[in-house]
Structure formats: C-alpha cells, structure tokens
Amino acid sequence: MTTRIDTRFAELKKAGRAAFVTYVMAGDPDLTTSLNIVKALPKAGADVIELGIPFTDPMADGPSIQAAGLRALKNGMTLKKTLELVRDFRKDDNVTPLVLMGYYNPIYIYGVDKFLADAKTAGVDGLIIVDLPPEEDEELCIPALKAGLNFIRLATPTTDDKRLPAVLANTSGFVYYVSIAGITGAAAADANAVGEAVARIKRHTKLPICVGFGIRTPEAARAIAEKANGSVVGTALVDALKNSLDADGHATGKTVNAVAELTAALAQGVKGAQQAAE
Amino acid sequence: MNVVKPNSYRSGPDERGHFGIFGGRFVAETLMPLILDLEKAYTEAKADPAFQAEMNGYLKNYVGRPSPLYFAERLTEHLGGAKIYLKREELNHTGSHKVNNVLGQIMLARRMGKKRIIAETGAGQHGVATATLCARFGLECIVYMGAVDVERQQPNVIRMEMLGATVVPVQSGTRTLKDAMNEALRDWVTNVHNTFYCIGTVAGPHPYPTLVRDFQSIIGNETKVQMQEIEGRLPDSLVACIGGGSNAMGLFHPFLDDSTVEIFGVEAAGHGLTQLHAASIAGGRPGVLHGNRTYLLMDADGQIQDAHSISAGLDYPGIGPEHSWLHEIGRVNYLSATDDEALAAFQLLSKLEGIIPALEPAHAIAKVMELAPKRTKDHLMVVNLSGRGDKDVPQVGDILRGKSK
C-alpha cells in the first residue's frame with residue numbers, strides 16, 4: 001500500500017531535495033482561518049503538512065504550541081472538527097500528504113476504530129502520537145497500519161542503538177527525529193549532531209528521516225535539510241500566526257499571509273540545501 | 001459488573017504495568033529509556049537486602065516510624081458506633097505520609113547516580129518531603145507547584161524554600177496540580193540525562209504506580225501488626241482519602257486479600273458531584289493522561305476538565321490506575337465528601353481529639369462520620385490520618401471567619 005507520504009518522498013528523492021514539513025494547530029485561532037492556512041501551505045512550498053490535534057495537556061509541547069491548542073479549544077475546536085477540516089482541505093488538494101499530530105486521549109475517547117475509519121475517509125495519511133511509544137503499539141499503531149494509515153514514530157537523542165529496532169519496527173511513512181531532548185520550541189538543534197544521529201538511524205532503516213524541534217529560520221531549515229530527508233518547522237509558524245492576531249486573540253486580515261510568508265521563506269531555505277548523498 | 005475475580009488482588013501489575021485495562025506507559029519516546037532504567041533499578045534495589053536495611057534505618061530514625069495506631073476514644077463516643085482508630089501518618093517527619101515514598105525514591109535516585117530531583121506538588125506536602133530529603137542528601141531540588149496552590153498553601157512554600165528547594169509557580173492551564181505535573185514532565189523531557197522525577201502519588205507511567213505503592217505499603221503493614229497487638233485481630237474496615245491515592249493505596253494494599261476487611265476510598269466532591277469537584281471515579285471515565293490509563297474528568301472530546309477541591313492535595317482530575325482497577329472489580333468502595341463536609345470534619349476532629357487534620361484526610365473523617373454510626377461497637381475501623389493541618393490553618397481560618405460574619 002502506498003500513501004501520499006510514500007509518493008511524495010519518492011518524488012522528492014527523484015528531484016534530489018529534502019522535504020519541508022510544516023506544523024500548524026488545527027483550529028488555531030478558529031476553524032475557518034485554520035482551513036485557509038492549511039490550504040495556503042502547499043502553495044507556499046510545504047511538502048508535507050502536520051496538523052496538530054488540540055489537547056488541554058500537551059506534555060511534550062512548549063508555551064507556543066500549548067497556547068495554540070488552548071486558542072483552538074476556546075473557539076470550540078474538537079477532534080471531529082479537525083477531521084472535517086482535513087476533508088475540506090482534500091476537496092482542493094489530493095496530493096499533499098497530511099499527518100495528524102497530537103496526544104492519545106482525544107482519539108481514545110473518540111474511539112480508535114471509528115477514528116481510524118473517519119480519518120482515512122477524510123484524507124489523513126499518517127499519525128504522530130507523542131504519548132504512544134512502541135510499548136503501547138497495540139493501542140493505535142497496529143490498528144492504524146491495518147487501516148492503511150502511516151504511523152510515524154518519534155526517535156530521540158535518548159533512543160540508543162539497542163532500542164532503535166523496537167522504535168522503527170512498526171514505523172512507516174517517515175521517521176521523525178526529535179533533534180533535542182526537550183519540548184517543542186526549545187533550544188536550536190546542532191546540525192552536526194543531527195547529521196550523526198541521522199546517519200545512525202539510517203543504519204537501521206530505509207525510511208526517510210525528517211528532523212524537527214528547534215528549527216526556526218530558513219538558514220536552520222537549510223542546514224538540517226542538508227543532513228536529513230526533511231526539516232520540520234512548527235513553533236516558528238505558530239508564533240508568526242500568534243503575532244498576527246488582534247488583542248483579543250482573533251484572526252486579522254494578516255493572519256493567513258503571515259503564516260504563508262514565513263512558510264515560503266523557510267521552503268526557500270530547504271530547497272537551497274545540498275542534499276547529502278544516500 | 002461482569003468482571004472475573006482474580007485469585008489475588010495483590011499480584012498486579014503485569015510486566016507491562018497494567019492493572020486490568022488501567023496503567024501502562026503512555027509517555028514520549030524521550031522518556032521511555034529512562035523509565036525502563038528506573039524499572040530495572042527498582043527491581044534490583046528490591047532484591048538488595050542492603051537497600052531495605054538502609055531504608056529501614058532512615059524510616060526509624062529520620063522519619064520516626066512506626067507511626068502510632070491511636071484509638072480515637074472521644075470521636076468513637078461521639079459517633080456512637082464503630083471503634084475508630086487513627087493511623088497517625090501526620091506524626092511523620094515533614095507532617096504527612098508523603099515522606100515514606102520520597103525516601104524510597106531518593107534512595108533509588110542515589111543508586112542511579114542522579115543529582116537533580118524534580119517533583120510536582122499540590123498541597124505542598126510532597127514538595128516539602130522531597131525538599132527535606134534533598135537537603136538531607138545534598139541533592140538539587142526543583143518543585144513545580146500550580147500558582148493557585150502557591151497562593152493557598154503559603155506555609156509549605158516557605159518551608160520548601162527554607163529547605164533549599166526552588167519552587168516554580170506554574171502559570172499554565174488551571175494552575176493547579178495537573179499543570180504542575182505537566183510542567184514537571186516537560187522539565188524531565190528536557191533534562192532527562194541528569195534528572196530523577198520523584199512522583200508524589202500512585203500515578204504516572206509504570207513503574208511509578210507500583211513503586212510508590214510499595215514504598216507506602218508500610219502504612220498498611222504496620223497497621224496490620226499494630227491492630228493484632230491491640231485487638232488481636234484484623235480491622236473490619238479501612239477509610240482513606242484519595243487524590244492520586246497514595247496514602248489510601250499504602251493502607252489498603254496489604255489488606256486487599258483479607259476478604260473480611262471492608263475498604264472505603266474517599267474522593268473530593270468539591271462543591272458537589274453535579275458541580276465543580278475532583279472525584280474522578282464518581283464523575284469521570286477511563287482515559288489517558290500523565291503516562292497512564294485511568295479514570296479522568298474530561299469532556300466529550302477527551303479534553304481534561306478542571307478539578308475543584310478545597311484541598312489542594314486532592315485537586316486533581318485523575319486517580320492512580322490501581323484504584324481504577326480496584327473500583328472496576330469491586331474490591332474497594334469509592335465514596336466522596338464535599339468541601340463543606342470536610343470542613344465540618346476538620347473542626348470536629350480538632351475539637352474532640354486535639355488533632356488538627358490536613359484538609360485531605362478531613363475528607364476521610366467526613367465519611368467516617370457517616371459510616372461509623374451505622375456499625376456495631378465491636379467493629380474496628382481504621383482511618384488514615386495522612387497529614388497534619390498546620391498548612392491549612394490560614395486557609396481554614398479565613399473561611400471560618402468569613403462564614404461566621
């Protein structure tokens with residue numbers, strides 16, 4: 001089974017460049033604006049979209065993404081509406097891979113089987129669920145793979161060679177390497193250390209490896225794109241969105257453009273990268 | 001409920017940390033290797049007689065154990081039913097049962113070579129116990145505490161700072177215990193290489209619910225021996241308050257297979273179960289938060305709801321996973337007491353026995369006031385007096401003065 005993610009990474013490999021992966025929070029600051037942002041991302045140069053599922057207690061996220069989730073929840077965002085957003089996005093775009101990223105509880109409460117069926121129908125390609133390590137694969141990972149969705153695992157600086165095979169065993173689509181031990185939006189990653197880590201993971205898998213956490217600028221996105229198969233940027237986009245809001249936290253005429261412009265600049269950075277030899 | 005009764009209620013969890021469907025290891029990958037290390041270190045420590053011997057020394061001479069099992073004569077007379085015994089955990093060094101667990105975890109941290117200790121705290125009792133043992137063993141101590149709790153539990157904040165700890169007021173979310181735990185987890189993910197997370201209750205990812213339970217089981221084990229010495233038999237019932245549920249699990253666990261012993265856990269019903277409260281079993285359902293599956297307060301979308309209790313130590317929208325399991329299989333009866341009931345019990349125990357309880361065990365006393373009169377005079381009821389009320393005196397004083405106006 002080939003998903004949009006597999007197709008996209010095969011195309012990028014052929015084109016000899018790394019992927020630019022963007023993260024935004026579903027429903028931030030409201031459903032309509034959020035849909036317009038997601039629609040604008042591919043046009044601005046995003047190769048893969050990660051869409052955050054809002055959650056009250058995001059224990060691996062820094063203040064920016066915590067606040068983004070709370071803005072969305074305050075305006076009535078739910079997992080059901082997140083899937084509606086994906087369905088609306090798919091009306092105009094049937095090629096850009098879209099991955100939902102979040103925490104397990106909203107999915108568990110929605111019902112795993114129903115969620116997987118609805119997500120597949122809506123046009124979701126993969127899942128990144130922060131609080132489901134391989135030790136809990138039976139919860140969602142195995143059912144997701146059976147339902148035809150990619151389950152993208154996080155590997156971290158604490159995932160040693162002994163543990164990597166277990167982490168990679170049921171991973172599909174791509175591997176998300178978390179460049180620092182820490183939360184989203186924290187200190188910048190060192191490109192050389194990232195290069196070593198990517199080389200280490202590549203000894204265990206043929207999957208593309210995208211790197212995130214701590215990448216904020218076109219320069220940093222380029223440096224990482226030279227060492228990996230993709231650069232992921234989240235907090236910087238969420239911050240650009242937040243800075244465009246009015247004093248009450250509502251979207252303004254500038255909001256969609258603020259995210260699109262930064263996306264375009266970051267995409268230029270990634271596209272300027274010299275791809276490392278495979 | 002259609003659940004098969006196990007041969008023993010004390011054999012859990014399984015090797016993956018599950019009590020029935022509850023428990024587990026729902027954490028970010030960054031933490032997984034450390035959690036596996038902790039499990040290994042704990043298994044080794046348990047098998048090491050030197051570890052137990054060293055701990056016993058500190059429990060006796062530093063904590064002041066065993067804590068007395070005290071016959072509450074005037075409370076018994078007043079209620080006119082069951083013979084009520086108080087397990088005096090409030091007499092421990094630092095003023096609550098929390099120190100039993102912290103001592104065990106700090107000794108584990110030392111075995112694992114970790115020099116930086118983080119903790120979350122609600123009422124501040126776990127924070128004070130952690131700050132105390134970090135001072136004793138020369139370890140760096142950072143305590144995360146919701147900003148709301150920092151306000152209402154000032155005496156404990158001052159104590160922690162005097163003991164050399166850094167208290168970080170948490171401004172995110174509802175600014176109470178659940179947010180303190182989120183922030184502690186964020187710290188842990190960031191500083192995983194040198195940091196030991198000293199969790200204060202029987203919750204979190206496996207192996208925490210098990211190791212905290214084991215360290216707290218000294219409460220029930222002592223009670224069993226003491227009751228045998230005083231009355232020559234087992235107690236007939238046990239009562240304890242529950243936030244996360246560590247004092248309750250410590251008292252209950254050694255008695256779970258004694259089928260004649262009735263067991264009651266008391267959750268915080270806040271303003272009442274139809275309003276703001278912190279009773280996860282009475283008002284919640286199973287979900288996944290803070291590393292484990294357990295009963296949680298949440299909305300239809302799986303978003304965690306705000307808990308409310310007059311007691312900062314019970315103000316948490318979840319409960320330890322083993323309690324969720326004991327509820328589902330029906331071994332423990334879970335009740336709840338409101339803020340007002342707890343306040344009444346707080347005053348009653350103070351006036352009748354000269355013991356000012358913490359607001360947390362005042363919830364247990366509140367249910368003793370209902371349960372004891374319905375039982376015969378030869379019924380032996382043990383209530384865990386898990387903490388002393390010094391920390392609550394300013395808050396309760398304000399409330400009572402406000403009410404008497």
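## Around B:Ala240

B:Ala240 sits opposite B:Gly265 of strand β10(B) in this predicted model, where local features need pLDDT of at least 70, side-chain atom pairs count only at pLDDT 80 or more, and totals for chains, interfaces and linings use all residues. Residues are numbered from 1 along each chain as its sequence is written, with chains lettered from A and ligands numbered from 1 in the order in which they are written. Strands are DSSP runs of E, at least two residues, and helices are runs of H or I, at least four, numbered from the N terminus.

## The sheet in chain B

Strand β9 (residues 237–241) of chain B runs parallel to β10 (residues 262–270) of chain B, joined by five bridges; two strands pair if DSSP finds at least two bridges between them. Both belong to an open sheet of six strands with mixed pairing, ordered β3-β4-β14-β9-β10-β13 in chain B. Because β3 (69–71) and β13 (333–338) of chain B have a single partner strand each, one side of each is left without a neighbour in the sheet.

## The nonpolar core

Now for the inside: the largest nonpolar core has 222 residues, and A:Tyr177, B:Ala240 and B:Val383 have the most contacts inside it. Such a core is a set of buried Ala, Val, Leu, Ile, Met, Phe, Trp, Tyr and Cys residues joined through C-beta atoms within 7 Å, buried meaning 20 or more other C-beta atoms within 10 Å of a residue's own, with C-beta atoms placed from the backbone. Helix α12 (residues 255–271) of chain A gives this core its largest share, eight residues.

Methods. A residue is buried if 20 or more other C-beta atoms lie within 10 Å of its own, exposed if 12 or fewer, and partly exposed in between; C-beta atoms are placed from the backbone.
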